[in-house]
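My notes follow the order in which I checked things.

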Amino acid sequence: MPRLLLSIFVLALALPAAAQTWPSQPIRLIAPFPPGGSVDITARLIAEPLGAQLGTRIVIDNRSGASGNIGMEAAARASADGYTLVLNTIPLVTNQALFDKLGWDPIRDFAPIGMVATSPHVLVIPKHVSAPNVAELVRLARAQPGRMSYASAGVGTTFHICGEMFKDSTGTFILHVPYRGGGPALLDTLSGQVDMSFPTLSAALPHVKAGTLRALAVTGAARSALLPEVPTLQEAGVKDFQFTQWLALLAPANTPRPVITRLNGALRETLATREMREKFEAQAFVPFATTPEEAGKFIAAEAERLSRVIKTKGITAN
């Protein structure tokens, strides 16, 4: 038998055996953002119970920098043996459109394991904006094009993309004011320096509950149990609008299918527990369990949809 065919035959026999003994060592979970953010927090929430399901320890590796690109490239170049995983959110599918050259591709370089969690953003306004609902806010914006403004956490962030989608869906011209992070953007919204913002639910919730910001709508397909009195943008009259923050768990491409299947099963078991649901709710997230195939289709659809917004608007992070 030729040497190449023999090598392929031996590898084919070895894969099932390797999958049966996997995992035999700790698993590294790359979080491509700094500690304290939603990706890092979620990674730490799932690491221990997911590791317990698999019979091993999961170690968090914060590889932050360059809008998540450093950690994603490290994950893409890791061995496809099931011992390196990565958790990411929307930059997984927007960075390809925001940056000219990347060392990784969200579809080519990764095998989806499953979705993990989801949470909407919230359209909030400060006290000085006298709009009792979304329809009135849109009327005000249309009456004075370019006079009203919205804050974002920076160019190309989810706040920014959400704001531009809102402008397109409502036919309004609202000035974009980018900040260096969600905290400063929210502070200037609170102080009335800008007229509106689209923060995450977790960031907006304390201020909405305190009455210092008014929530006009959530951006998801359904109302949030944490703000049940606040309508969705679709309910408020903005047709076909849906934008949610989500998190997905992935492995390097070509990770053996039996390993992916076992990881997905362990992830789904982890997300199904009452304890995990309660921990997610404390972070304003809800579990979002899928199969690997469902996750792959979801990620591909989001990549196409959000990249189209970025390219149409000429948004760039370079």
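**Aromatic pairs**

I counted ring pairs to begin with, and the total is 6 aromatic pairs. My rule was that rings of Phe, Tyr and Trp (its six-membered ring) pair if their centres lie within 6.5 Å, with planes under 30 degrees apart called stacked, over 60 edge-to-face and the rest tilted. The model is a predicted one, so I kept local features to pLDDT of at least 70 and side-chain atom pairs to pLDDT 80 or more, while totals for chains, interfaces and linings use all residues. Numbering runs from 1 along each chain as its sequence is written, and side-chain values use heavy atoms, with hydrogens and water left out.

I looked up Trp 104 and Phe 110: they make an edge-to-face pair, 6.3 Å centre to centre with 75 degrees between the planes. Are they buried or exposed? Trp 104 is buried at a relative accessible area of 1%, and Phe 110 is buried too, at 5%. For this I used under 20% relative accessible area as buried, over 50% as exposed and in between as partly exposed (1.4 Å probe, protein chains only).

Next I checked Tyr 150 and Phe 198. Their ring centres are 5.9 Å apart and their planes sit at 85 degrees, so I logged the pair as edge-to-face. Tyr 150 is in strand β6 (residues 149–152) and Phe 198 is in the loop between β8 (196–197) and α8 (201–210), so the pair ties together parts 48 residues apart in sequence. Helices (H or I, at least four residues) and strands (E, at least two) are DSSP runs, numbered from the N terminus. Tyr 150 is buried, with 1% relative accessible area, and Phe 198 is buried, also with 1%. Ring pairs join Tyr 150, Phe 166 and Phe 198 into a cluster.

**Cores**

I then went to the largest nonpolar core, which has 49 residues; Leu 123, Val 134, Leu 137 and Phe 166 have the most contacts inside it. Helix α11 (residues 292–313) gives the largest share, 6 residues. A core here is a set of buried Ala, Val, Leu, Ile, Met, Phe, Trp, Tyr and Cys residues joined through side-chain atoms within 4.5 Å. I also found a second, separate core of 33 residues, including Leu 87, Leu 247, Leu 249 and Phe 285.

**Strands**

Last, I looked at β1 (residues 27–31) and β2 (residues 58–62), which pair in the parallel sense over 5 bridges. Pairing takes at least two DSSP bridges between the strands. Ile 30 stands opposite Asp 61 in β2.
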